[in-house]
Each structure stands twice: as C-alpha cells, then as structure tokens.
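Q: How does one read the packing of helices and strands in a model of this kind? Please take me through it step by step.

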Amino acid sequence: MSEKQAVIPFRGTPEQEAQLNAFIQEHKDEAGALMPTLQKAQEIYGYLPREVQIMVAEGLGVPLEEVYGVATFYAQFTLTPKGQYRISVCLGTACYVKGSGNVLDEISKQLGIQAGQCTPDGKFSLDACRCIGACGLAPVMTVNDDVYGRLVPEDVAKILATY
C-alpha cells in the first residue's frame with residue numbers, strides 16, 4: 001500500500017454480520033463450505049477485509065491462513081473495498097496501443113490512487129482490466145456501467161467531474 005493511500009476503516013454493520021453468521025451456521029458442517037462462504041461474504045460486504053476473514057475462519061473452524069490463502073488465490077475475491085464509482089481502464093492490446101496507459105496514469109494522478117485502490121472517501125475505485133470487447137472505441141474505460149471511448153488523458157477531468 002502506498003503511503004498516499006489512507007487505510008479505509010472497516011464499516012460492517014450488525015445486519016451484515018448477522019447475515020454472514022446465518023449463512024455460516026447453515027453451511028458450517030458441509031464439506032467444502034469455505035468457497036461458498038467467502039462468495040457469500042463478498043456478496044454481503046463487497047470485499048473480504050481481515051475482519052470478515054476472521055469471522056469466516058472462526059465460524060467455520062478453519063485456520064485464518066487457509067481463509068486468506070483462498071481469498072488471495074482466486075481472482076473473484078478482493079481484499080480491498082470498491083468505490084461507489086468503480087472505474088476500470090482497459091489495457092488490452094488495442095486500447096493500450098492507442099494510449100490507455102496514459103489515461104490510467106491521468107486517473108491515478110487526479111484521484112491520488114493506483115490501480116487496485118479506493119479513494120479514502122469510498123467514492124472511487126480504480127482497476128485495470130484486459131479486454132472489455134469495445135476495441136473499436138479504443139482506448140476505453142468504464143465507470144460502473146457507463147462506457148467511455150476514444151479517450152485521451154485530457155478527457156479524464158471532465159468525466160470524473162460528472163460523478
């Protein structure tokens with residue numbers, strides 16, 4: 001984690017914890033319960049912070065190291081929160097050749113975060129992806145379900161201002 005990024009505190013609610021605990025109680029005696037429990041936990045919380053991993057480990061009676069190992073091995077899981085506005089910049093070949101790396105750099109500069117991070121206020125998260133299938137619009141980025149194409153770094157400030 002860079003020194004510029006503030007640690008985002010865990011903001012789980014009692015309702016979320018009750019929902020996760022109910023799922024754990026229902027499945028704790030089943031073989032292979034860890035994977036579906038982590039999937040449910042991420043569905044509930046949006047990501048798998050240490051606090052949630054501990055709940056899962058204690059609830060299922062498995063070592064925290066095993067929970068962490070599974071959570072970091074599979075790409076479907078994330079240990080960092082996602083923002084209200086999830087920005088994804090395509091770094092696939094067509095987009096990269098047309099300058100998406102520069103677009104990503106400009107977003108990083110403007111938001112003060114790197115790919116894989118979330119702003120301290122939880123408003124924006126930034127990720128890089130491979131191909132989103134909009135090569136004819138290269139370079140492309142998405143903000144949640146909105147797609148922006150034929151981008152240059154100078155477009156970034158205006159796009160971010162709309163959110």
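This is a predicted model: local features need pLDDT of at least 70, side-chain atom pairs count only at pLDDT 80 or more; totals for chains, interfaces and linings use all residues.

Q: How many helices and strands does the protein chain have, and in what order do the elements run from the N terminus?
A: The protein chain has seven helices and five strands. Read from the N terminus on, the elements run α-α-α-α-β-α-α-β-β-β-β-α.

Q: What does the chain span along its principal axes, and what share of the residues counts as buried?
A: The C-alpha trace spans about 55 × 30 × 25 Å along the principal axes of the protein chain. Of the 163 residues, 42% count as buried. As for contacts between residues at least 6 apart in sequence, 61% of them join residues at least 24 apart.

Q: In which sense do S1 and S3 pair, and over how many bridges?
A: Strand S1 (residues 85–90) and strand S3 (residues 124–129) pair in the parallel sense, over six bridges. As an example, Tyr85 has Phe124 in S3 as its bridge partner.

Q: How is a pair of packed helices described, and how do H1 and H2 cross?
A: Two packed helices are described by the angle between their axes and the distance between the axes. For helix H1 (residues 14–27) and helix H2 (residues 34–45), the axes come within 10 Å and cross at roughly 165°. Angles over 145 degrees count as roughly antiparallel, and H1 and H2 are therefore roughly antiparallel to each other. The crossing in which H1 passes H2 is right-handed.

Q: Which residues of H1 and H2 meet?
A: From H1, Gln16, Glu17, Gln19, Leu20, Phe23 and Ile24 meet Pro36, Thr37, Lys40, Ala41, Ile44 and Tyr45 in H2. Divided by class, this contact of H1 with H2 has seven nonpolar, three polar and two charged residues.

Q: At what angle do H2 and H3 pack, and which residues make the contact?
A: H2 and H3 pack at an angle of about 145°, and their axes are 11 Å apart. H2 passes H3 in a right-handed crossing. H2 contributes Leu34, Thr37, Leu38, Ala41 and Tyr45 to the contact, and H3 contributes Val52, Met55, Val56 and Leu60. The residues of this contact of H2 with H3 comprise eight nonpolar, one polar and no charged.

Q: What is the crossing angle of H3 and H4?
A: The axes of helix H3 (residues 50–60) and helix H4 (residues 64–73) cross at roughly 125° and come within 9 Å. H3 and H4 are therefore oblique to each other, and their crossing is right-handed. Arg50, Gln53, Ile54, Val56 and Ala57 in H3 meet Leu64, Val67 and Tyr68 in H4. By class, the contact of H3 with H4 has six nonpolar residues, one polar and one charged.

Note on methods. Residues are numbered from 1 along each chain as its sequence is written. Side-chain values use heavy atoms; hydrogens and water are left out. Axes are lines fitted to C-alpha atoms, for helices over the stretch in contact, and angles run from 0 to 180 degrees between N-to-C directions. Helices (H or I, at least four residues) and strands (E, at least two) are DSSP runs, numbered from the N terminus. Angles under 35 degrees count as roughly parallel, over 145 as roughly antiparallel, 65 to 115 as roughly perpendicular and the rest as oblique. A crossing is left-handed if the near helix is turned anticlockwise from the far one by less than a right angle, and right-handed if clockwise. Contact means heavy atoms within 4.5 Å. Ala, Val, Leu, Ile, Met, Phe, Trp, Tyr, Cys and Pro count as nonpolar, Asp, Glu, Lys and Arg as charged, and the others, Gly among them, as polar. Two strands pair if DSSP finds at least two bridges between them. Buried means under 20% relative accessible area, exposed over 50%, partly exposed in between (1.4 Å probe, protein chains only).
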